[in-house]
Amino acid sequence: MKSVLYAPLVLSIALASPLASQEVQTPVEATDAVAASAQNWNPADWDLEDSEFTPEAGWVFGKLDNGMRYIIRRNNRPEGTALVRMEFTAAALDEEDDERGYAHYVEHMAFNGSTNVPEGEMIKLLERKGLAFGADTNASTGFEYTQYKLDLPRADEDLLDTSLMLMRETASELLFDEEAVQREKGVILSERRVRNTYALQNLVDSLEFSYPDARIAERLPIGTVETIEAANAEKLRAYWKREYVPASTVLVVVGDFDPAMVEAKIRERFGDWEATASPDQPSAGPVDPGYSGATDIYLDPALTETVTLSRNFPYEDRADTLAERRKNLLRGIGTDIVSRRLNRLVRSEDPPFQGMNFSNSEFFEAGRTLTLAVATEEGGWRRGLETAMDEYRRALLFGVSEAEIAEQVANRRTALEATLANAGTRSNANFLGDAFAIARGDYVPDSPANDLARFEAAVADITTEAVLAAMREDYKEFEDPLIRFTGKTVPEGGAEALRAAVNSAMARAVQPPEMTEMGEFAYTDFGPAGEVVSDMRTEELDIRTLRFANGVRLNLKPTDLSDDRVSVRINVDGGSLLNTRDNPLAVELSGLLVSGGLGEHSRDDLDTILAGRSVGGSFGAGSETFISSQTTTTRDLELQLQLMAAYVSDPGYRPEGLGPWRNGLDDFFARIGRTPGSAFAEGIGPILSDNDPRFTRQPIEAYKALDFAGLDANISDRLETGAIEIAIVGDFEEDDAIRYVAQTFGALPQREEDFRAYEDRRQRAFTDDRRRYTLTHEGEPDQAIIQLVWPTTDDDDWQRTSELEMLSGVARLLLLDKLREELGQTYSPSASASQSNVYDDYGTFSMGAAVDVGDLDATYEAMVEVVEALRSGSVDEDLLQRARQPILESLDNRLKNNGGWMVLVDRAQSRSEDIERYLTAKDRYSAITPEQVRALAVEYLTPAQAVEIRVVPSEEAMAKAQAGADVGG
């Protein structure tokens with residue numbers, strides 16, 4: 001058995017964005033072959049012999065005579081779709097020294113020609129069948145596994161046959177034509193260049209320091225420039241033939257197919273694949289448990305100040321037993337309690353740290369690593385370290401309270417009950433995760449009913465003593481730890497000061513935790529229930545639309561797509577349209593409104609009061625409304641609406657809600673421009689808008705001056721009287737939902753009848769200065785971006801909007817052929833059309849690519865060639881259909897999940913035309929001709945009228961690189 005179902009103590013407190021959370025259901029009907037239990041389950045085939053569990057009914061397992069394994073699961077959510085995955089236990093760890101990057105290189109070559117699919121035809125074949133490259137057709141390479149992915153928009157046999165054929169081609173029929181290998185080399189180097197950021201370099205240093213003798217530190221999947229440049233067809237083919245063998249392969253099919261049919265096709269397609277011995281995968285280690293006392297200081301201007309303590313321990317192969325799962329439950333309860341304590345500290349007006357990570361986790365199968373990492377504002381590392389160490393030691397010295405355990409038990413029970421209630425409508429993606437837990441020999445996922453039953457049987461044993469004992473067993477003292485400091489400047493006193501501070505923190509006196517009692521939720525009575533004054537249904541799609549006497553609108557769409565899941569979205573008038581040239585940051589803090597809690601409860605209090613309930617708060621500025629959205633359960637819909645109404649009617653604006661945000665501002669601004677992408681994102685707004693402050697980053701001082709008092713002044717009128725439209729989609733009874741809304745939002749004071757027009761704020765200019773702009777970045781000296789942008793129009797004209805989307809799809813395919821396949825200059829060129837539904841007559845069409853700085857001129861010329869091809873009528877019916885079919889499949893599948901329905905239900909009254917727009921979309925796209933695409937390109941895409949933006953390394957970045965080269969030389 002490879003590993004175990006084991007949730008290590010991992011406390012990661014997310015940073016607030018500086019510039020802005022029962023009745024048993026019957027499973028899907030199974031075929032006779034799988035009705036009673038999992039079919040053909042043999043734990044020895046999956047390295048799970050020591051597991052005490054068996055998979056739930058509905059799975060089909062198999063192993064061919066050649067050693068290839070497969071897993072099949074019938075499922076109909078989303079209905080009529082499927083997922084196909086093929087995974088090889090062959091990746092970066094399997095590479096020899098001179099093969100580094102070859103696993104990833106082979107992944108790329110899988111799309112570049114095989115025995116039965118000529119080079120360049122695989123992607124085209126799939127596009128014609130409705131799979132978009134990148135979205136539905138993809139692959140990934142890691143340290144241990146390489147996986148090929150196809151998301152089938154239709155569960156029909158023809159598409160399954162095509163998918164299995166392509167997977168077999170990848171497994172045993174790749175050609176590795178030398179010319180194709182050399183062309184793809186530029187793409188590989190481009191991908192490596194794009195990924196080579198300060199974050200990757202920090203990761204490399206961390207691995208080299210923490211595991212100095214380990215293989216993994218020299219086996220990043222992207223490889224090295226030297227080994228990639230030295231690659232040829234012979235070398236890649238040798239790696240592929242050695243590693244891509246049946247015994248290293250697992251095929252997974254989850255979706256709306258008869259498992260017996262799928263199994264027969266797998267056996268027919270792969271049964272004659274010749275058996276070959278599977279080479280053992282080398283260890284990611286070694287990891288030395290005795291390695292301690294070392295210190296590393298790693299600096300980069302973009303890095304947040306962080307102190308990381310770690311100790312390595314021997315690897316433990318923990319069997320997947322009931323006893324081990326119970327231990328894991330106890331550890332997890334302790335983990336969650338300490339996480340709550342740390343969140344209280346983060347949610348303070350002056351938090352001691354921005355974020356914290358605390359884990360005792362498996363390092364592949366080579367060891368275990370105990371880690372405590374604290375991220376702080378500049379100069380705050382000592383305070384953050386002491387506070388974090390206090391909480392760690394406090395937990396191990398004094399344990400946890402019964403009240404804390406009760407809160408976490410309630411949360412876990414609710415989660416398990418919700419999973420059980422949704423068991424019959426789990427998604428394909430949900431089952432895919434379970435399949436690979438088995439395929440990789442990790443553990444055996446059980447049924448939701450058994451998971452809940454085991455939990456309930458264990459609850460009586462979740463005592464304060466048991467939780468403390470489990471934590472003490474697993475979480476050791478940081479004796480003479482490894483210390484790693486990252487940041488912008490060397491800490492005062494250097495390595496010696498770091499070590500002294502750690503020793504001091506571990507010796508500090510620690511007091512028992514303080515416990516507080518929580519009251520009841522204060523927002524259950526909003527006044528007399530509102531009266532419904534209008535109640536209708538849309539002629540198409542049967543969306544029920546109501547209006548209350550106070551002006552609140554309600555849109556309802558019950559579905560059976562996901563049992564016990566209800567999505568709620570609230571739109572309140574205003575949003576980003578409240579930003580003006582004079583006050584461009586008017587709603588900047590709106591995304592933090594829920595962090596300020598409610599008038600009667602702090603955010604932290606709410607976590608305890610609402611424990612065991614599937615509710616949450618969110619709020620933020622959309623383009624023309626404030627949006628609050630959440631997915632809850634049928635049982636908790638009433639409470640969810642009460643909570644949302646409370647945030648609208650009585651936000652707390654508590655200053656601690658801004659603590660983490662303020663703490664992170666300096667770091668956020670320090671990262672601006674440290675990569676080409678960041679520099680481009682910062683620069684494009686002011687360039688296109690002629691420095692309109694609404695679309696331009698303001699100085700850091702402007703953000704530091706913001707507070708909740710200002711946000712209250714800017715949005716209170718909208719919260720008190722602005723129009724409200726509520727959408728509810730999912731598993732609920734209409735009468736219940738109407739009653740809950742009547743008692744909450746319907747009971748609020750009178751609202752404005754309609755969303756305001758804001759006509760004076762719907763103007764956005766596109767610059768008349770059409771020329772080349774040059775931005776600079778502080779990243780690597782070979783990194784660059786080029787982007788061409790043209791003005792178009794808004795999205796009022798449905799036909800034109802559809803044609804522009806088709807034009808962008810065709811342009812992207814041509815760019816892929818030209819820049820990636822033919823020239824090998826870039827990893828992922830882009831083309832997009834964006835028509836505004838907010839700003840009058842405003843829209844953009846853009847093409848872009850991340851390239852080597854030396855290829856900018858050649859890339860520009862290639863992009864102009866693509867534009868001229870579009871303008872000259874070079875688009876044929878096949879190219880157009882390849883761009884069109886994924887869109888048509890997406891439209892067909894739009895209403896197979898609650899999220900797709902929500903797009904239409906969201907504002908079914910205030911934007912009722914969106915329903916007709918959707919219903920007529922397929923006919924519009926189907927009727928678009930090559931001539932229409934050509935005409936649109938002629939109208940909008942004149943090369944001389946484009947704004948050209950180039951992002952190049954700054955003089956400082958070039959000088960830094962040269963200095964490094966001189967030192968290296």
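Start by selecting E119 and R183: their side chains form a salt bridge, with the closest N and O atoms 2.5 Å apart. A salt bridge here is a side-chain nitrogen of Lys or Arg within 4 Å of a carboxyl oxygen of Asp or Glu. The pair ties together distant parts of the chain, since E119 sits in the loop between α1 (102-109) and α2 (122-128) and R183 in helix α4 (residues 178-195), 64 residues apart. Helices (H or I, at least four residues) and strands (E, at least two) are DSSP runs, numbered from the N terminus.

Before you go on: this is a predicted model, where local features need pLDDT of at least 70, side-chain atom pairs count only at pLDDT 80 or more, and totals for chains, interfaces and linings use all residues. Residues are numbered from 1 along each chain as its sequence is written, and side-chain values use heavy atoms, with hydrogens and water left out.

**Staying on helix α4**

How exposed or buried are the residues here? Buried means under 20% relative accessible area, exposed over 50%, and partly exposed in between (1.4 Å probe, protein chains only). E179 counts as exposed because its relative accessibility is 58%. E119 is partly exposed at 33%, and R183 is partly exposed too, at 27%.

Jump to R871 and E868, whose side chains meet in a salt bridge (3.9 Å, N to O). They are three residues apart in helix α24 (residues 856-872), so about one helical turn separates them. R871 is partly exposed at 21% relative accessibility, and E868 is partly exposed at 37%.

Now select R340, R344, R347, E407, D604 and D607 together: salt bridges link them in a network. The count of salt bridges comes to 86 by this rule.

**A negative patch**

Next, pick D47, E49, D50, E52, D317, E362 and E365, which form a negative surface patch. Patches are made of residues with over 30% relative accessible area and no salt bridge, with like charges joined within 9 Å and nonpolar side chains (Val, Leu, Ile, Met, Phe, Trp, Tyr) within 5 Å. Lys and Arg count as positive and Asp and Glu as negative, while His and the chain ends are not counted. The place of a charge is taken as NZ of Lys, CZ of Arg, CG of Asp or CD of Glu. Accessible areas come from the Shrake-Rupley method with a 1.4 Å probe, and for residues only the protein chains shown count as cover. Zoom in on D47, in the segment before β1 (59-63); D47 is partly exposed, with a relative accessible area of 34%.

Show side chains on strand β7 (residues 295-299). Then bring in strand β11 (residues 482-487), which pairs with β7 in the parallel sense over five bridges. Two strands pair if DSSP finds at least two bridges between them. Look across from L299 and you'll find G487 in β11.

R772 stands opposite E948 in β23.

Most residues other than glycine have a negative phi, and most peptide bonds are trans. Here are some exceptions to click on:

- R77 to P78: a cis peptide bond with omega near -5°. P78 is in the loop between β2 (69-74) and β3 (82-88).
- G285 to P286: another cis peptide bond, omega about 10°. P286 lies in the loop between α8 and β7.
- D690: not a glycine, yet its phi is positive at about 55°. D690 lies in the loop between α19 (676-688) and α20 (700-704) and is partly exposed at 46% relative accessibility.
- D841: also not a glycine, with a positive phi of about 60°. D841 lies in the loop between β21 (830-835) and β22 (843-852) and is exposed at 58%.

**Last stop**

Finish on V287, in the loop between α8 (259-270) and β7. V287 counts as buried because its relative accessibility is 11%. Draw a C-alpha to C-alpha distance from V287 to V532: they are 245 residues apart in sequence and 67 Å apart in space.
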